[in-house]
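Visitor: I would like to learn how to read the contacts in a model such as this one. Could we go through it together?

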Amino acid sequence: MDAPVRIGLAGYGFGGRYFHAPLLASAPACEFLGVVTTSPERRDQVSRELSRPAYASLEELVRAGAEAVAISTPAATHIPLAQQALKLGLAVVCDKPFALDAASARETVQLAERLGVPLTVYQNRRWDSDFLTLQRLVSEGALGTLTRFESRFERFQPEPGPPAAGGGTLLDFGSHLVDQALVLSGPVERVYAELRRRDGADGLDDDVFVALTHRDGAQSHLSGSWRQGAPGPRFRATGTTGTYLVDGVDGQEDLLIAGASPASEGDRWGIEPEYRWGQVLRGDHAEPAPSARGRWDLFYPAFAAAVRGTRTLPVDPWDAVATATVLDAARASATTGEVVRLP
């Protein structure tokens with residue numbers, strides 16, 4: 001039961017290469033076996049960059065002794081690959097967006113439960129420094145009762161715009177934005193959304209706004225854009241006694257892209273410099289809000305412990321069904337211009 005979980009990675013595009021491979025290689029509870037990919041170019045990259053084998057299929061990964069797989073492939077392939085892996089007996093980490101719609105998400109979670117095979121979703125932004133800081137402030141009562149959560153992933157990259165592999169901005173950015181809102185304020189009863197598409201009705205959406213009304217009365221205003229020339233603050237979270245404001249995005253992504261990892265950085269990993277801290281504001285009064293340490297490095301050890309049966313999964317897969325349900329409602333609202341009510 002103490003042996004590392006033998007895990008492979010399916011896909012070696014941007015997400016697999018930068019977000020999963022370094023964290024898998026750094027996780028002491030995991031034995032990173034290699035990468036499933038059929039692309040000759042990717043196979044060469046795996047050999048050069050990881051010094052690990054490339055496998056042609058999930059079946060070949062199983063024959064190599066894998067117990068689990070992390071899926072980081074284009075969004076449209078997530079559910080077919082996750083279901084195939086589960087039927088092969090592999091515990092699964094599926095990247096976001098977990099599914100293109102709530103029905104297929106629900107079907108896959110139910111399949112995992114019937115088979116008794118662990119399934120979780122890679123909602124790594126739950127372990128962002130700024131989000132952990134906000135949760136701390138809320139739990140300490142520093143903001144009073146939270147009334148409005150404004151959250152953004154905005155950038156100015158109109159060309160080339162959102163990558164097709166992510167399925168568009170609502171699915172790609174929205175999966176993180178909605179998941180954080182649900183963690184923070186709980187279930188949603190009303191959804192309103194607006195979206196714009198790059199090339200008319202058939203293009204990928206590159207600019208979205210989603211407004212959620214939670215059952216507890218809090219509101220979440222979520223924005224995702226690839227063509228915002230003046231990006232707003234990452235968070236503006238307002239409560240009855242104060243507001244938490246923070247700019248910029250958690251630095252763990254930049255570290256991984258630069259070639260750093262939890263293994264190379266050790267205890268420095270995820271620590272935000274003081275100039276990147278947010279503030280708690282009450283009118284003219286502002287005080288620094290020291291940033292919690294970002295902890296993407298905790299995800300795979302937690303998953304391995306869940307595979308071994310010593311803890312719960314780091315992300316309940318039913319949370320991903322709830323997120324997909326909200327995204328379905330947002331898509332419907334954007335089409336009709338009406339508020340969608342959830343049961």
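Visitor: With which residue does Arg125 form a salt bridge, and how far apart are the closest N and O atoms?

Guide: A salt bridge is a side-chain nitrogen of Lys or Arg within 4 Å of a carboxyl oxygen of Asp or Glu. Here Arg125 pairs with Glu253, the closest N and O atoms being 2.7 Å apart, and the pair links distant parts of the chain, 128 residues apart, with Arg125 in the loop between S6 and H6 and Glu253 in helix H8 (residues 252-257). Helices (H or I, at least four residues) and strands (E, at least two) are DSSP runs, numbered from the N terminus. This is a predicted model, in which local features need pLDDT of at least 70 and side-chain atom pairs count only at pLDDT 80 or more, while totals for chains, interfaces and linings use all residues. Residues are numbered from 1 along each chain as its sequence is written, and side-chain values use heavy atoms, with hydrogens and water left out.

Visitor: Are Arg125 and Glu253 buried or exposed?

Guide: Buried means under 20% relative accessible area, exposed over 50%, and partly exposed in between (1.4 Å probe, protein chains only); both Arg125 and Glu253 are buried. In the salt bridge of Arg196 with Asp207 (3.5 Å, N to O), Arg196 is partly exposed at 47%, whereas Asp207 is buried at 16%.

Visitor: Which residues of H10 are buried?

Guide: In helix H10 (residues 299-307), seven of the nine residues are buried, namely Phe299, Tyr300, Ala302, Phe303, Ala304, Ala305 and Ala306. Just after H10, Gly309 takes a positive phi of about 80°.
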